[in-house]
Amino acid sequence: MAENIKTARILKFDIFRYNPAEPDKPPYMQRFEVEEAPYMSLFLALNQIREEQDSSLQFDFVCRSAVCGSCGMMVNGRPALGCQTLTADLPEVIALHPLPTFALIGDLSVDTGRWFRSMVDRVNGWIERETEFDRASIEAPMDNATADKIYEADRCIECGCCVAGCAVANVRPDFLGATGLNRIARFMMDPRDQRSEQSWFEVVSDSEGVFGCIGMMACDDVCPKDLPLLEVYSYVRRKAVASLFSSGEDHPARREAEKA
Amino acid sequence: MNTNTTPTSLRAKSVPRGDRPASFVVDPAAARRQVWYELASGATGLALALFMWGHMFLVGSILTGEKGFNWVAHMLEEYFIAQPTVAAVLVLFIVHAVMAARKVPGQLKERKVMRDLGRDLNAYGKGFPGMARGDERFQPHVESMLWIWQVRTGMIILVLASFHLILLASNVFEATMQGGLAIDATRTLARVQGGLWMLYAVLLVCVEFHASVGLYRLAIKWGFGARLGRHTLHRIEQVLLWLFLGLGVVVLAVLAGWLPAPLEFLLKG
C-alpha cells in the first residue's frame, strides 16, 4: 500500500488533450508530472494538475466515491473510474484517454448521458403494465430472492466502462452493451412488469442486442461495481431462446392480470 | 451533431453518437433469425469440437501400430460409418464457417479497433504495483485476444481443413464406389511422411486451440458451469487444450515416423 513508498514517486501523466470547440487544434498527448501522495487517487491527481498546472484541463467528477459514474476514463488502455483508482496501484507513467464510444466533450470528459438516455428509450427501461396503476392500493409483495436480484442489477451507476471496454460497442455504435442488457434483465426479472416474452424478444434478440455480443466478457472484467454481467448475459440469452418457443402469453404478471 | 468528434488519428477512438430516434423499430422476423443463427453456430461448433476429440482417438489408434490403425479404419469403412460421417462433417464445417463468420467485423479498420482494444486490455496490469500485490482488478483481460485468435485460427482451419476434407472425402467415396477401402495405414503414413505433416502440424495446433476456446465461450454464453466461474472454466479449457495438443503431437510424431508406436506391444502375438 501507499505507506510502503519510501520516497515519493514522481508520476508522469500522459493526458489526451482535444477540445472540439477548437477543431483547428489537433489532438495531442500532454505530459504532467505530479509528486505522488499517500492514497492518491486519479481524482486527486487530476484536480492537483488543474489547480497548479493547467486550468484548461477538462474532466468530470462529482461524488469521489464510485456512485455517480461520471469519472470513467481509459487508464493505461483500460476503462476505470478515476475516483476509485489509486495511483499506488499504477506504474509511474499513467496514460489517460477519454472513454471511446461516447461523444467527446473535451479532453477526458465525455457525454455518457446522451448514450444512456438513448439506450433506456430503446429498451423501454421502465415498468410497463397494461392495468392502470392504482396509487392507493398496497403494493403486491415480492419474494426476497427476486428483490435481491433486482437490487443487484440496479446497482449499475451508468459510468459507461463496460461499453468503452466492449469490442463490439467500439465498432457498432448502436450495440446495447452490457449495461443495456443489464437494464433489460432487471425488468425481465421484475414481476410487476407485464411485458410478454415476445415483446422482450423484439428488443433483445436483434444483432444490436444480446446476439451482437461475442462473449469476450471485458465488461465483466472492467465493471467498477462488480455487477454479475456474465450471469446477466447468459440469462438474457436463455430468455431469448425460450421466447422463441413460447406463445408470448405466459408471463406470470400477465396471467394474473388476465385472471383479475 | 458531428461537431464534437475526436479524430481517429490518436488512440482514443471516439465513435460519434449522434442523436438517435427515441425508440428503435426492430423487425421481429430478423430478431428471430438471429436466434436461429446463434443456435446453429453454437450447435455446429459443439458438434465439430466433440467430433475432433473423437477423431483424435480414432487417429490415435496409430499408437498401437499399423495393425490397430487398420483395424479401426477398415471397420469404420466396411460398416459404412466413415462415409456418412465425412459427409456430415463437411456440411457442419460449412454451416459453422458461415454462421460463426457473421460476427467478424467486415472492415479492416474495425478489426484493428478490436485488436488495439484487446491488446491494451491484455497488457494492462503487467508490471503494475497493484498486480504485484495480487489484486484481482489488475489481472490482465485475456479473452478479447482469445477471441481474435479464435478468428485467426478459424481462417487457417477454413483453408487447411477444406483441403484435408476434400482429399479424404474424394478418397473415401471413390473407394466406396469401386468397392474398396480408402483409409489404410500404409497410405496415411506415406502421405504424412511425404510432407503433409507440415500441414497437419499447423492444423493440429489451430484445431485444438479453436475447439477448446470455442467450448469455453459456449459455456460462458449459455451459462453452463456458471457456478464454477470464468476463472475455473478457463482453467478447464487450458487443461483440455494442452491434453489434446500433447496427445496430438505424439500421434503426429508417430504418423511422421519420428517415434515408434509406443503401444504396439498391446497387439503383438
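Start by selecting the buried residues of α4 of chain B: B:M114, B:L117, B:G118, B:D120 and B:L121. Buried here means that 20 or more other C-beta atoms lie within 10 Å of the residue's own; exposed means 12 or fewer, partly exposed is in between, and C-beta atoms are placed from the backbone. Look down the axis of α4(B): these buried residues fall within an arc of 165°, so they line one face of the helix. The arc is that of the directions from the helix axis to the C-beta atoms. An α-helix has 3.6 residues a turn, so residues three or four places apart point the same way.

This is a predicted model, in which local features need pLDDT of at least 70, side-chain atom pairs count only at pLDDT 80 or more, and totals for chains, interfaces and linings use all residues. Residues are numbered from 1 along each chain as its sequence is written, while chains are lettered from A and ligands numbered from 1 in the order in which they are written.

**Around α4 of chain B**

Now select B:L108 and B:K109, which are exposed on the other side of α4(B). Show the whole helix next: α4(B) has 16 residues and reaches 22 Å from its first C-alpha to its last, close to the 22 Å expected at 1.5 Å a residue. The expected span is 1.5 Å times one less than the number of residues. Helices (H or I, at least four residues) and strands (E, at least two) are DSSP runs, numbered from the N terminus. Just after α4(B), find B:G125, where phi is positive at about 95°.

What do the buried residues of α4(B) pack against? Select β4 (78-81), α5 (167-171) and α8 (218-222) of chain A, together with α6 of chain B.

**Where the two chains meet**

Two residues are in contact if their C-beta atoms, placed from the backbone, lie within 7 Å. Ala, Val, Leu, Ile, Met, Phe, Trp, Tyr, Cys and Pro count as nonpolar, Asp, Glu, Lys and Arg as charged, and the others, Gly among them, as polar.

**Chain B as a whole**

Buried residues make up 26% of its 269 residues. Among chain B contacts between residues at least 6 apart in sequence, 71% join residues at least 24 apart.

Switch to chain A, which has 10 helices and seven strands. Its C-alpha atoms fill a box of roughly 70 × 40 × 35 Å, taken along the principal axes. Of the 260 residues in chain A, 48% are buried.

Colour domain 1 (2-110) and domain 2 (124-259) of chain A separately; the bounds come from an automatic or database domain assignment. The C-alpha centres of these domains lie 33 Å apart. Their contact takes 15 residues from domain 1 and 12 residues from domain 2. On the domain 1 side, β3 (72-75) and β4 of chain A each supply at least two residues, and β4(A) gives the most, with four residues. By class, that side of domain 1 has 10 nonpolar, four polar and one charged residues.

**The largest nonpolar core**

Which residues have the most contacts inside the largest nonpolar core? Select A:C162, A:C166, A:L181, A:I184, A:C219, A:L229 and A:V236; the core has 115 residues. A nonpolar core is a set of buried Ala, Val, Leu, Ile, Met, Phe, Trp, Tyr and Cys residues joined through C-beta atoms within 7 Å. α7(B) gives the most to this core, with 14 residues. The core also draws at least three residues from each of domain 1 and domain 2 of chain A.

Centre on A:C166, which touches A:G177, A:A178, A:A218 and A:C219, not counting residues up to four places away in sequence.

**Two loop residues in chain A**

Go to A:D107, in the loop between β6 (103-106) and β7 (109-111) of chain A. Its phi is near 50°, a positive value in a residue other than glycine. Is A:D107 buried or exposed? A:D107 is buried, with 24 other C-beta atoms within 10 Å.

End at A:M217, in the loop between α7 (197-204) and α8 of chain A. Phi of A:M217 is near 60°, again positive in a residue other than glycine. A:M217 is buried, with 24 other C-beta atoms within 10 Å.
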